[in-house]
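Work through the exercises below with the sequence and the model at hand, and try each task before reading its solution.

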Amino acid sequence: MYAYDELDRTLINERVSEFRDQVTRRLSGELTEDEFKILRLQNGVYLQLHAYMFRVAIPYGTLSSKQLRRFAHVARRYDRGYGHFTTRQNIQFNWIKLAELPDALADLAEVGIHAMQTSGNNMRNVTSDQWAGVAPGEIEDPRIWSELIRQHTTLHPEFSFLPRKFKIAITAAEHDRAAIKIHDIGLRLHKNADGETGFEVLVGGGLGRTPFIAKTIKPFVSGRDILSYIEAILRVYNQYGRRDNIYKARIKILVHELGIEKFAKEVDEEWKAMGDVGLTLDHTAIEEVRSRFSYPAYEKLPHMPDELKQAAHDKLFERWRKNSVSAHKVQGYSIVTLSLKPVGGPPGDASAEQMDAVADLADKYSFGEIRVGHEQNLALPHVAKRDLPALFKALDRLGLATPNVNLVTDIIACPGLDYCSLANARSIPIAQELTRRFANHDTADLIGRLHINISGCINACGHHHVGHIGILGVEKNGEEFYQITIGGRADENAQLGTLIGPAVPYAEVADVIEDIVEAYLALRDRPEELFVDTVKRLGVEPIRERVYATR
Amino acid sequence: MVTANRTWDGAVVYRTAKQGWSTELSDSAIVTTSDEARALLAEATADDVGAVGPYIAPVELKDGGKVKPGNLREHIRAKGVTIDLQVPA
Ligand code: SF4
């Protein structure tokens, strides 16, 4: 866990008072909506179809049980009893009243939670691997660096009025769970030949209307120079980024138009010209932040405790363990993913009761810590293996033990037309129908790893371009239609999917997806070949032929 | 009709013929020409304190004068989300 210092606490509290005053002035008519809009957006407040939506940051996806309980409280007291975890380590409340927002913000501030920079053209929540600090083989805890960047960029005047929003993600593990290649800047921690820790810096990734996979701009930037190098990138972006056309304003367009070599040259020149601007991180500064992260006092535990051996005959437990429990860097412990994708449920939603219960379970079994991943699931990062059987029973009762992590029903979906004012089409009911079609866990196991991602419009909040199967809602003559892509992926081998055929109407989407999955099962050359690998080997055509032959 | 979101709580509201806002679609002022629609919108927009982001949206008039939302987006705004929200507790 990270402990905020006095400065952070003061900043957050001052922000609440400031916002309270702004809301009062808005409600009295002293501020017009035009004047107020930018202020509310700076505090994560959007206006959606039915209500205001309040987006709250969960820096690098780490939460304490106390903070999660506070989310439950906000959901219950100010909303309709649930919250929605997003693809960027945020939580959204969908039914919040403007008049009550300052109170909700104040309640969150008491536990060190805020909504700064969760919207607007600034540096957004710096995200990270939800297994940070516990993943085996990790170079080091990437959250230290997320936090250093967060501190430097929060309310930084130069980064508060960028041409467009700006997103950074960091990973330190071999397998990229933070989707760094679809971020404006992606950082991969690694060691160079001299054993020094630094970053491969990628730039210009992003989805939306014009999707790009990020390109490497520098293979190695040492840790002490990372802030100044990011600053140089942002300066070049601030200088050349298009402010005249919202569709061309993201850094990915600039990188694409200049070409990565030219862009890199500009950044290097800027970096040199900047000289020493006081951004070099010395050992003390890094260690100061590192010391604010606390780690559990792990016990020395056996690799295979008796409790686990005894539970091995329980089929349901074993299925869940194999699916949702992952290796931990400390012997005797596990990382447990809590699926927020129950069959028939809206992906990423959690009720206040579930949040409270997970907070209790975190206290009991995970040193009071919870993680939030971009796949819209939660995780308990430090569970002793001996506790797994008891934890499974508790999670099962809560509807949080669906053994579908990374399987076909672990769908990423944006809120879509049920909530979002920008949407063309609904996302959630499509996801719900698909989870019903593939509700049989044996079938889902047989299919293997398969990510379905759904967005309700081209803004791509559901990351449809990088879904193994991507579904994008479009509108045709007032009707909901869906474009389907296959072969995308968001990990270290990130790639954009390819359109498989003409858009299909709402009622046919689930049938088409079933046909795609059937075609894959028929075409894969062995059971271990994942969907995305079959598409890579064969291309889209053989699947297209089978799916569209009769349509 | 002209619809917006109420300022203090964001609720969906419709502009009424009495120059106020109502949460009931059936209370909305229905206009049939673009001039009337523009006038209604201008009048609604002037009330910046009451509601946010007014716009003209279509309705369907059923037999017997019943007013229905004219498209899916307005249907969802009028009736609420189309999904079963029950998250298992
Ligand atoms: S992808 Fe579009 S519909 Fe979905 S949440 Fe984003 S803006 Fe809304």
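**Exercise 1.** How much area is buried between domain 1 of chain A and domain 4 of chain A, and what percentage of it do carbon and sulfur atoms give?

*Solution.* The model is a predicted one. Begin with the division of chain A, in which domain 1 covers 6-109 and domain 4 covers 412-548. The contact between these two takes 10 residues from domain 1 of chain A and 10 residues from domain 4 of chain A. The area buried between them is about 780 Å², and carbon and sulfur atoms give 54% of that area. On the side of domain 1 of chain A, the residues A:Q48, A:L49 and A:T87 supply 57% of the area that this domain buries against domain 4 of chain A, which is more than any other three residues supply.

**Exercise 2.** Determine how many salt bridges and polar contacts link the two domains, and which strands take part.

*Solution.* The count of salt bridges between domain 1 of chain A and domain 4 of chain A is zero, whereas five residue pairs are in polar contact across this interface. On the domain 1 side, β4 (82-85) and β5 (90-96) of chain A each supply at least two residues, and β5(A) gives the most, with three residues. By class, this side has four nonpolar, six polar and no charged residues.

**Exercise 3.** Describe the surroundings of the ligand.

*Solution.* Among the residues that surround the ligand are A:C414, A:C420, A:C457 and A:C461. Sorted by class, the shell around the ligand divides into eight nonpolar, four polar and no charged residues.

Key: Residues numbered from 1 in each chain as written. Chains lettered and ligands numbered in written order. Predicted model: local features only at pLDDT ≥ 70, side-chain atom pairs only at ≥ 80, totals over all residues. Heavy atoms only, no water. Near = heavy atom within 4 Å. Nonpolar A, V, L, I, M, F, W, Y, C, P; charged D, E, K, R; others polar. Domains from an automatic or database assignment. Contact = heavy atoms within 4.5 Å. Buried area = accessible area lost by both parts, 1.4 Å probe. Salt bridge = Lys/Arg side-chain N within 4 Å of Asp/Glu carboxyl O. Polar contact = N/O pair within 3.5 Å; in protein donor to acceptor, adjacent residues only side chain to side chain. Helix = DSSP H or I, 4+ residues; strand = E, 2+ residues; numbered from the N terminus.
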